[in-house]
Amino acid sequence: MAVDVTKVSELDVEPGTLPETMAAWVIRQEREGEPRDAFQVEEIEVPEPGAFEVIVRVMAAGVNYNNVWAALGQPVSVFRYHPEEDHHIGGSDASGVVWKVGAGVTRWQPGDEVVIHCNQASYEDPEVHGLDPLAAPSQKIWGYETSWGSFAQFTKVQAQQLIPKPKNLTWEEAASYGLVYFTAYRMLIDQCELQAGHRVLIWGAAGGLGVFATQLCSITGAQAVGVVSSAQKGELVRQLGAVDYIDRGEFAGMMRKGGESPDEEKARFKISRDFAKRVKEILGDAPDIVFEHVGQATFPTSVFVVKPFGKVVICAGTSGYNLDFDVRYLWMRQKRIIGSHFANAYECMKANELIEEGLIRPVLWRTMGFEGVAEAHQLMRENQHLGKISILVGAEKEGLGKTEEGPGAIRAEVG
């Protein structure tokens, strides 16, 4: 049945009552491939909330690279993670309105305005109740390792995923930041115990993770230098509070490609030394912390450049996850490598308070209509996007949802 995507903001039911069906952008295993082909609009039955679950009317959704992977079916098919469903509704960021609550939910009620964090885990796992939900064997990322994500009129989540929507943000602004910001918060604030006076090197400082890492350093009193790909992005990083920036193009030869010959590795390492010298000149000393998410291309330099007893914290490997580096610089100088993955509900809540207070601001590039979901992921796939993209779902147009004065998102071309 054809679905009219121009009418997704229209509903004929009130909070507390669900329609039978909804419009959703759906991936099915038999059409995994390029996002423009894998994502298709379908009419899907609206799920009922189970115990401790909530159905949220999605007002806006945020776009992340994880659902490019979902479309491609790489590195593994998402249907391995939720084989009980033959469809995948992606989307791991959203703002919206609580529409119906399941049994046992007491904190939220229909009509509440919320943002959604993307960590799920079973309430029955003991790790949830004393260690960390990220350690639970059931832990999954909602909208990637689960279905019922945000690219639909309604989404199903665990009640613990809900956070009050900042009143100083529009729907599209509030949908844009959760996954990357909460990840950066855990990496720096909890994993690295970021403090005033720390020196920090941030790879991809004008990207989704980097813009928040830079702001966290600024409000904490740490000194940050950001690595970027253009002077325009460098100026944004300065605006966000970095001491200065380094254009990675000046040191392109330090990037590891894998399989370097001894002579090529010697030449690469020389450029890494020059890079380390530049970082030290800007910060006044070697960094205490290196904020990593690039992986293969940059990790050898990260381990080399961080100061003795310093920390390299990593949450991704966008250039490759097989890391090859000189381990002597790790053990002989007693450096630490810390792996980090998203954030728990408490960290998300504390990070969100900084948004509410206007101390941290989302950085949003573009807002698209509901019809743009496949196009947005194709832009990401082809690296043609310049920053965070939001998708309007229940919101009729941009600019709605803000109910209090305060700084909203920074509108900038970043990447």
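Strand 13, helix 8 (residues 299–305) and strand 14 form a right-handed β-α-β unit. Right-handed here means that, with the strands pointing away from the viewer, the path from the first strand over the helix to the second runs clockwise. Helices (H or I, at least four residues) and strands (E, at least two) are DSSP runs, numbered from the N terminus.

A word on the basis. This is a predicted model, where local features need pLDDT of at least 70, side-chain atom pairs count only at pLDDT 80 or more, and totals for chains, interfaces and linings use all residues. Residues are numbered from 1 along each chain as its sequence is written, and side-chain values use heavy atoms, with hydrogens and water left out.

Back to strand 13, residues 289–292. Strand 14 (residues 311–314) pairs with strand 13 in the parallel sense, over four bridges. Pairing requires at least two bridges found by DSSP. In that pair, Val-290 stands opposite Val-312. Strand 10 (residues 199–202) also pairs with strand 13, parallel, over three bridges. There, Ile-202 stands opposite Phe-291.

Now the faces. In a regular strand, side chains alternate between the two faces of the sheet. Strand 13 is covered on both: Ile-289 and Phe-291 are buried on one side, Val-290 and Glu-292 on the other. Buried means under 20% relative accessible area, with a 1.4 Å probe and protein chains only.

Next, Ser-77. Ser-77 sits in the loop between helix 2 (66–72) and strand 4. Ser-77 counts as buried because its relative accessibility is 13%. Its side chain makes a polar contact of 3.5 Å with that of Gln-29. Such a contact is a pair of N or O atoms within 3.5 Å, one able to donate a hydrogen and the other to accept it.

What is a cavity? On a 1 Å grid over the protein atoms alone, a set of points where a 1.4 Å probe fits but cannot get out; lining residues have an atom within 4 Å of a point. The structure holds one cavity of 30 Å³ or more. The largest cavity has about 40 Å³ of space. Strand 4 (93–101), strand 5 (113–116) and helix 4 (178–191) each give two or more residues to its lining. Among the lining residues are Asp-93, Ile-116, Tyr-177 and Phe-182.

Last, a pocket: an open set with protein on both sides within 12 Å along at least five of seven lines. The second largest pocket has about 300 Å³ of space. Of its 17 lining residues, Glu-53, Glu-84, Gln-120, Thr-146 and Gln-158 are closest to the centre. Strand 8 (residues 154–158) gives the largest share of the lining, three residues.

Notes. Points joined across faces, edges and corners; volume = space filled by probe spheres on them. Buried < 20%, exposed > 50% of the residue type's maximum accessible area, 1.4 Å probe, protein only.
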